[in-house]
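Thanks for coming. I will go through one model today, element by element, and keep to what can be computed from it.

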Amino acid sequence: MTTDTSARAVILGMSSTGEILPAAAGRISTQPGTATEIFEKSQDAEKNTKLIAKVTQSGHTSTIEHTVFHLAFENISVFAEQFLIEFRLASFTVKSRRYVDFSDSGFYIPNELTGAARERYIAAMQHFFAIYHQLTDDGMPKEDARFVLPYCLNSNFFCTVNAREFLHMLRTMLYGRGAPFPELRELGEQLFTQAREKAPGILTDFEARSKKELPAFPAFPREAAPEAGGTVLLLNHTPDGAKTVCLTALMEEGYSKATAEAIVQTNENRAQIFQYLRSCPRPRALEATSYTFLVPGLSLSCLTHYARHRMQSIQIPSLMHTNRQNHVMPLFTSDKQKELYQQAFREAAALWEDLQSMGVSKNTGVYTLLSGNTIDIVTTMNARELLLFFRLRCCNRAQWEIRRHAEEMLRLCRETEPEIFRGYGPSCVLGACPEGRMSCGKQEEMRQKYLNGGVLS
């Protein structure tokens, strides 16, 4: 098993136009000529560097979105992976821990750990992987056995990101909330060094513009860490959302406000509008209403499924506040599985107590969490994103945790806005199943469940 601490971030490539296109974009608003003429005149690298620096320093940073970086992250921790995929204006492709065996993937070792602390840490991590291997050998599905994998588990993935979001990512890793974690800071430094060589104009004065003192959150009294459990709560939503969506849809089609107001008085008319929005390729009117949920007690593994939804506002607490006693409980098929599983969480809690007694810093504690430890999150999605969320996450092939959450969220939405959400559900309910040979084959049963008098209707 690999226990190499050399986590790496590599810029595999960038847009073939490099800094030419951002420079041309900086010129197009003030110079005559067609777009291609201005592009052809923007071939001088030195002039481009100076122009990009001038334009971005004046606050016009959208011009650098025309440059895209392709990144590879190699043997970084799952903690670092989770931190990075929270940057929602980037694209990530990550190896699935639901289907791939991670017995020999290895784990990240914080440089802070030396001597007895390092030995204690390595021995514990190797034991967690051994438990994972025992559970899978005993027939536990990989998507459940992965809960005992530590949050220092090695992860490898690709990322594509435009230069503006890339700078935001770097700034956060080097000077923001990622800076207290040496792994994130080191990855940020690797990326910065490479990017400065490839795109000097975009990186001009990066340090000077990034080193700003961050405000501290008010120090309110903090209660003890909450116990595990609880159900999804709908904290807030757009009032009279159905009417708002219908009015928006009608005015988008060119109806006057007065005419639209008259049309939406009829339930039949509103039903036709929602039927159209659920099936059309551009249901933008659904974005006019939003819903904020508290999702309690989801595992760190499940957190990654939420974070992959780009069009949401998701609030994830610092993992340093995680209650280590709380963890999800999957379905066990034997007493042996249950004992091994619970043993892993007892040992993880004991490991962290030992490391603290050895003087290990609080930040390093995130690597001793197991993927089944739980946290609470808050997410806000508009009705268009919820249409996609429910299509994917109410599916029988979705991970069971997020499927349970999705079903409860849909139930709450239907109680609040039945007109909007009556027809929401998994893809097979709204049309054809997209899973092909991997389909559960229960489309009629799903239609009964979601549409025809079933428990979610």
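In which helix is Thr36 found? Thr36 is in helix α2, residues 35-40; helices here are DSSP runs of H or I with at least four residues, strands are runs of E with at least two, and both are numbered from the N terminus. Before going further, the conventions: this is a predicted model, where local features need pLDDT of at least 70 and side-chain atom pairs count only at pLDDT 80 or more, while totals for chains, interfaces and linings use all residues. Residues are numbered from 1 along each chain as its sequence is written, and side-chain values use heavy atoms, with hydrogens and water left out.

Back to Thr36. Its relative accessibility is 57%, so Thr36 counts as exposed; the cut-offs are under 20% relative accessible area for buried, over 50% for exposed, and partly exposed in between, with a 1.4 Å probe and protein chains only. The C-alpha atom of Thr36 is separated by 9.1 Å from that of Ala24, 12 residues apart along the chain.

Two strands pair if DSSP finds at least two bridges between them.

Contact means heavy atoms within 4.5 Å. Axes are lines fitted to C-alpha atoms, for helices over the stretch in contact, and the angles run from 0 to 180 degrees between N-to-C directions. As for burial, 7 of the 10 residues of β2 are buried, so β2 is largely enclosed by the rest of the structure.

On to the other sheet. This one is also open, with 4 strands in the order β5-β6-β8-β7 and antiparallel pairing. Which strands are at its edges? They are β5 (233-237) and β7 (313-315), each pairing on one side only. The twist averages 20 degrees from one strand to the next.

Strand β6, residues 290-299, pairs with β8, residues 374-382, over 8 bridges. Within that pairing, Ser299 stands opposite Thr374, and Leu294 stands opposite Val378. Val378 in β8 also has Gln315 opposite it, and β7 and β8 are joined by 3 bridges. Helix α13 lies across β6, β7 and β8 and runs at about 155 degrees to β6. Helix α16, residues 400-416, packs on the sheet by touching β5 and β6, and makes about 150 degrees with β6.

Next, cysteines. How many disulfides are there? The count comes to 0, where a disulfide is a pair of cysteine sulfur atoms within 2.5 Å. For Cys246, the closest cysteine sulfur is in Cys280 at 13 Å, too far for a bond. For Cys302, the closest one is in Cys394, again at 13 Å and too far for a bond. Cys246 is buried, at 0% relative accessibility, and Cys302 is buried at 0% as well.

Last item, the second largest pocket. It holds about 600 Å³ of space. A pocket is an open set of points on a 1 Å grid over the protein atoms alone, where a 1.4 Å probe fits, with protein on both sides within 12 Å along at least five of seven lines; lining residues have an atom within 4 Å of a point. Grid points are joined across faces, edges and corners, and the volume is the space filled by probe spheres set on the points. The lining has 35 residues, and Arg98, Leu392, Arg393, Arg397 and Ala398 lie nearest the centre. Elements giving two or more residues to the lining are α13 (300-307), α15 (383-393), α18 (427-430) and α19 (443-450). The largest share, 5 residues, comes from α15.
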